[in-house]
There are 2 protein chains.
Amino acid sequence: LSEFDLIRTHFRGVGPLRPDVALGVGDDCALLRVPSGLELAVSIDTLVCGVHFLPDCEPEALGHKCLAVGLSDLAAMGAEPAWATLALTLPRRDEAWLHAFAQGFSSLAADHGVALVGGDTTRGPLSITVQVHGLVPQGQGVRRSGARPGQLVCVSGTLGDAGLALLRLPARDSAAEHLRVRLERPQPRVALGMALRGVATAMIDLSDGLAADLGHILEASGVGAEIRLAELPLGSDVAEYVARTGDWSVPVAAGDDYELCFTLPPERSSVLGGLARRSGCAVRVVGEVTRGTGLRCLLPDGALWAPVETGYNHFPGAG
Amino acid sequence: LSEFDLIRTHFRGVGPLRPDVALGVGDDCALLRVPSGLELAVSIDTLVCGVHFLPDCEPEALGHKCLAVGLSDLAAMGAEPAWATLALTLPRRDEAWLHAFAQGFSSLAADHGVALVGGDTTRGPLSITVQVHGLVPQGQGVRRSGARPGQLVCVSGTLGDAGLALLRLPARDSAAEHLRVRLERPQPRVALGMALRGVATAMIDLSDGLAADLGHILEASGVGAEIRLAELPLGSDVAEYVARTGDWSVPVAAGDDYELCFTLPPERSSVLGGLARRSGCAVRVVGEVTRGTGLRCLLPDGALWAPVETGYNHFPGAG
């Protein structure tokens, strides 16, 4: 098997057959059809071993996660997933590893109707780059720049589970094993993101933590926000951790949750319950957009929380 | 500077402003418009340090090459380049390196009207993944599968210069320095590829060597081919090398030339001269498509050349 065959063998038929794929894996390019009236949404992300995932991460989970990260970006735009490309760099050929990786990738791709249309396989230190392609009606993509003072700040799901897993798993804390699924198999909030078209005024997915990612919305929109930490949706482990340690950085500043954070006018808040039910994902109002700049997080006693760090920085220290 | 700022700072404004970019770098996704009647051609490629480029490769040349490799795939489809995304994995932050890399990338992007619309920057062993996006009138993309017996096999430019550079440069042969430009700054044959729409019946770009890449056309088309090695277009260094050593593997089996190889009906061969002139790139007929399977390469004396290797295999040995 050459490199050319490697990706063909393991990834042939990944995802559904889609009539908008004129030509898939195996030529110099894939050829894709974008219906008129729709815009193409694209996002590219790399996961590096030891940086974005633990070296002991199961290949099947890794196949899931590298696609989930991209689908989460599409969700944050309100786009419907369509196609993906995969560039895989592997230290050596390992058929069992590839098979398991392809299983994880394929399963999530099938869930979201995503066809794998192209790829590249190279030798080198383990890393995975996926580009996702989605479709959104022209002008309806939900950007980061639409938040306005007085609007509500909302988040989906629960926050901090992945961060707590990352804190506990390297210490071989077996009590944290059930949190691993949140770290390694995030569920991109695709249905919720699409349902929020025309409702959310700004949206982002939480890859780097609430403080950092909401910070991007605030910066792009030229506004500030106030969050009430007591309103954050927490799973029982994170709630117990915060109650015991007083450390809010796990739900506020740890990454990898892949929940959605969005803003909407208060008069639209009545639709949230129905949207959440239909998309199978809880939604909680956690604060408000304010005039000015920057994020203020209020502790349950009303005091201001001082963040120690905001999100994961791949290049700390310098500059 | 966070990772988010890194790519913004160095890659802001790379390539031209394009009216079909509704939203560029800096949100969860880019939003792009594909005019109706056109298909979207996409290709993704990774370059790994030490595998695809020499560790002493100048960052400016590397910025050029990682985009050139993708544009060459678009050329092989007959697609017009439009947008690119860039996922950059770097061992450490190095502003001077990034600046030079961005210069190389930008300069080639500007030459071909390509806008950088998204990216990711991560920490890890140096590698670069680029996805290119091009546009081609519906049904006019030139695939690998259209070669038919009796058609001519053609190649653009000259073959083997990059392979000879790769052979000589690691030995610090200063006489080979002028070949470095062919290895590190390949010129994607975009104009020629677009001109060959409706003319070429099958096309591929030569990244893994003529034997391997023409082999992909033959396999996809279910045909064979016969090449006359004496007809291969060779630069003076490669011609001298082959004359001295009798080693045809450099022009036939070494990769990285990024020339186009294509087939066309003999009755269309009269258009080749005009196409070559208008696209500024020589074109040569080097053989014919035959019935059967496999590639036969005839030495100047008419004997059959036995290839030792066909193309670069990233995962040799196993399987």
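This is a predicted model: local features need pLDDT of at least 70, side-chain atom pairs count only at pLDDT 80 or more; totals for chains, interfaces and linings use all residues.
Residues are numbered from 1 along each chain as its sequence is written, chains are lettered from A and ligands numbered from 1 in the order in which they are written, and side-chain values use heavy atoms, with hydrogens and water left out.

I will start with the interface. Taking contact to mean heavy atoms within 4.5 Å, 72 residues of chain A are in contact with 72 residues of chain B. The area buried between the two chains is about 5,700 Å², and carbon and sulfur atoms give 55% of that; buried area here is the accessible area, with a 1.4 Å probe, that two parts lose on being put together, summed over both.

How many salt bridges does the rule find across the interface of chain A and chain B? It finds 6, where a salt bridge is a side-chain nitrogen of Lys or Arg within 4 Å of a carboxyl oxygen of Asp or Glu. One of the salt bridges in the model links Arg33(A) with Glu39(B), and the closest N and O atoms of that pair are 2.7 Å apart. On the side of chain A that touches chain B, the largest share, 9 residues, comes from strand β3 of chain A, residues 38–48. By type, the residues on that side divide into 32 nonpolar, 23 polar and 17 charged, with Ala, Val, Leu, Ile, Met, Phe, Trp, Tyr, Cys and Pro counted as nonpolar, Asp, Glu, Lys and Arg as charged, and the others, Gly among them, as polar.

Strand β3(A) also pairs with a strand of the other chain: with strand β2 of chain B, residues 30–32, there are 3 bridges in the antiparallel sense, and within that pairing Val42(A) has Ala30(B) as its bridge partner. For the terms, helices (H or I, at least four residues) and strands (E, at least two) are DSSP runs numbered from the N terminus, and two strands pair if DSSP finds at least two bridges between them.

Next, the salt bridges within chains. Over all chains the structure holds 30 of them. In chain A, Arg180(A) meets Glu177(A) at 2.9 Å, N to O, and Glu184(A) forms a salt bridge with Arg180(A), again with the closest N and O atoms 2.9 Å apart. Glu184(A) and Arg180(A) are separated by about one helical turn, because they are 4 residues apart in helix α5 of chain A, residues 180–184. Is Arg180(A) buried or exposed? Arg180(A) counts as buried, at 16% relative accessibility, whereas Glu177(A) is partly exposed at 40%; the cut-offs are under 20% relative accessible area for buried, over 50% for exposed, and partly exposed in between, using a 1.4 Å probe and protein chains only.

In chain B, Arg244(B) forms a salt bridge with Glu240(B), with the closest N and O atoms 3.0 Å apart, and both lie in helix α8, residues 236–245, 4 residues apart or about one turn of the helix. Here Arg244(B) is exposed at 54%, while Glu240(B) is partly exposed at 39%. Returning to chain A, salt bridges that share partners join Asp56(A), Glu177(A), Arg180(A) and Glu184(A) into one network.

Now two single residues. Arg189(B) sits in the loop between α5 (180–184) and α6 (190–195) of chain B and is buried, at 17% relative accessible area. Not counting residues up to four places away in sequence, Arg189(B) touches several others, including Ser156(B), Arg182(B), Tyr258(B) and Glu259(B). Val285(A), for its part, lies in strand β11 of chain A, residues 283–290, and is partly exposed at 26%. Leaving aside neighbours within four places in sequence, Val285(A) is in contact with Leu152(A), Val153(A), Cys154(A), Glu231(A) and Leu272(A).

Last, some strands in chain B. Strands β9 (residues 224–228) and β12 (residues 294–298) run parallel and are joined by 5 bridges, with Gly294(B) as the bridge partner of Gly224(B). Strand β12(B) is also joined to β13, residues 304–305, by 2 bridges in the antiparallel sense, and there Cys297(B) has Trp305(B) as its bridge partner. In the hairpin of β12(B) and β13(B), with 5 residues between the strands, Gly302(B) takes a positive phi near 90 degrees.
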